[in-house]
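Subject: Structure handover

Hi,

Here is the structure for you to look over. My notes follow below it.

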Amino acid sequence: MSTPTPPSGRAGPADRPGPLHSLTGLRFVAALLVFLCHATLAGSYIPPYTPINPYADPDLAAALTWAFGTFGFIGVSFFFVLSGFVLTWSLRPGEPARAFLRRRILKIFPNHLVTWALAMVLFAAVLTPPSRWLPNLLLVHAFFPSPEFFLTVNVPSWTLSCELLFYLLFPLIVRPVRRIPQNRLWTWAGVLVVGMALVPVVGYLLLPDQPSYQGSPASVAQFWFGYFFPVPRLFEFVLGMVLARIVLSGRWLPLGIAPAAGLMLLGYAAVQVVPFLFKFTVATILPIGALICAAAAADHRGAPSVLRGRVMRWLGEVSFGLYICQGIVLFYGRWLLGPERVFDVPEATAVIAGLFLANLLAGWMLYVGVERPIMRRWSHPRRGTVVAPARKATAVGSAPEAAGAVATMAAPTGPSAAPPAELPTVSVVEPR
């Protein structure tokens with residue numbers, strides 16, 4: 001397979017792909033979308049199932065639920081595509097699969113265990129029997145087609161069940177993805193989008209349409225299969241892998257971040273009019289892919305980007321914690337304020353702002369107290385472990401003997417590079 005052509009003259013074929021700071025900033029934006037979706041829900045996912053939305057005006061509350069209700073679909077889909085993109089972008093030839101899996105498991109499980117235990121202590125233990133909290137603890141709960149399983153304990157953790165599947169399969173999937181000829185990458189991207197479109201078709205044609213899932217236009221079976229079930233979400237993950245190869249091979253379109261963000265607005269408009277099951281991924285997958293590719297291409301060629309600023313990068317680094325703490329801070333915190341209480345506009349807005357700041361603080365504490373120290377201490381090879389050096393070709397599309405390689409996050413280089421033990425700046429968010 002020929003060496004990919006960099007999109008600009010800045011990086012030669014001997015260079016490893018650089019860090020993607022703009023995507024780090026976009027991680028926070030995606031986590032914020034999920035928060036806004038949850039903060040304006042008409043009903044909670046945990047007993048007593050009262051509204052999370054704090055606005056007393058029923059018309060305003062309904063309007064906010066409608067406006068932000070699909071933000072969660074967009075944010076989660078963004079995270080899944082981003083996972084495949086970043087892992088493929090940072091492919092390191094010669095790394096053993098066990099080293100890759102160790103790093104990925106250390107990335108998600110410690111944060112999950114802390115939030116799982118906290119949720120159990122605060123409220124989940126009295127609501128969840130062992131037959132339900134154990135699958136959640138092991139991150140296999142999203143494979144069960146019942147909300148009594150996939151929405152247990154810390155609700156956002158269902159996405160970690162998907163991410164765990166992605167990581168376990170990545171060392172196998174990356175081999176055929178790397179063998180795709182460059183002139184067929186766009187074709188395979190189209191095939192994956194078609195596969196995504198077939199998921200809701202299967203839901204409508206083959207799955208029962210009753211009972212309804214929380215009053216939505218979909219049944220429990222349809223909602224689970226199209227949204228929570230990890231296997232169909234592989235389409236987004238693999239699409240991210242193919243898109244990374246498209247950008248690295250220099251075949252990405254001349255589309256900047258701002259136009260790609262404009263496409264996201266069109267995708268959001270499409271979500272409001274397509275049939276319900278198509279809202280989960282199909283309506284916004286093209287804009288999401290375009291935005292990720294545009295941001296990565298801008299970073300690769302060194303173009304200016306407001307997403308690479310110090311504040312956005314910090315927010316992106318704590319976004320995993322921000323996401324995974326929502327099931328406790330937002331759902332439980334809203335209950336502490338009074339499950340039936342609603343407020344006028346200024347007070348309700350202050351409630352949402354306060355919950356967000358508390359969520360952000362919790363996410364930062366999880367990052368500095370759990371995620372970062374564990375990744376620094378245990379995610380790197382032990383002394384005496386040798387990883388084969390990269391060949392002269394870029395990681396994706398390199399020599400055949402690297403075909404069995406798996407991914408690692410590329411550390412920044414240059415004067416601002418972090419020390420070897422530092423957690424890489426670009427990492428995969430497991431939200432959502």
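These notes go from the overall fold to the core, the pockets and cavities, and then some backbone details.

First, the ground rules. This is a predicted model, so local features need pLDDT of at least 70 and side-chain atom pairs count only at pLDDT 80 or more, while totals for chains, interfaces and linings use all residues. Residues are numbered from 1 along each chain as its sequence is written, and side-chain values use heavy atoms, with hydrogens and water left out.

Overall fold

The protein has 16 helices and 2 strands. Helices (H or I, at least four residues) and strands (E, at least two) are DSSP runs, numbered from the N terminus. Of its 432 residues, 56% are buried. Buried means under 20% relative accessible area, exposed over 50%, and partly exposed in between, with a 1.4 Å probe and protein chains only. Take the contacts (heavy atoms within 4.5 Å) between residues at least 6 apart in sequence: 83% of them join residues at least 24 apart.

Core

The largest nonpolar core holds 127 residues. Such a core is a set of buried Ala, Val, Leu, Ile, Met, Phe, Trp, Tyr and Cys residues joined through side-chain atoms within 4.5 Å. Leu23, Phe85, Trp158, Phe223 and Phe228 touch the most other members. Helix α3 (residues 71–89) gives this core its largest share, 13 residues. Leaving aside neighbours within four places in sequence, Phe85 contacts residues including Leu20, Leu23, Met241, Val247, Ile292 and Ala296.

Second largest pocket

Its volume is about 740 Å³. A pocket is found on a 1 Å grid over the protein atoms alone, as an open set of points with protein on both sides within 12 Å along at least five of seven lines; a cavity is a set where a 1.4 Å probe fits but cannot get out, and lining residues have an atom within 4 Å of a point. Points are joined across faces, edges and corners, and a volume is the space filled by probe spheres set on them. This pocket has 32 lining residues, with Leu41, Tyr45, Gly69, Phe73 and Phe276 nearest its centre. α1 (21–39), α2 (58–68), α3 and α9 (220–228) each supply at least two of the lining residues. By class, the lining has 20 nonpolar, 10 polar and 2 charged residues.

Cavities

There are 4 cavities of 30 Å³ or more. α8 (185–206) and α10 (234–248) each give two or more lining residues, and α8 gives the most, with 3.

Helix α12

Of its 16 residues, 15 are buried. Gly302 follows α12, with a positive phi near 75°.

Backbone details to check

- The peptide bond from Gln210 to Pro211 is cis, with omega near 0°. Pro211 sits in the loop between α8 and α9.
- Gln214 lies in the loop between α8 and α9. Its phi is positive, near 50°.
- Leu139 is not a glycine, yet has a positive phi of about 60°. Leu139 is buried, with a relative accessible area of 1%.

Conventions
Ala, Val, Leu, Ile, Met, Phe, Trp, Tyr, Cys and Pro count as nonpolar, Asp, Glu, Lys and Arg as charged, and the others, Gly among them, as polar.
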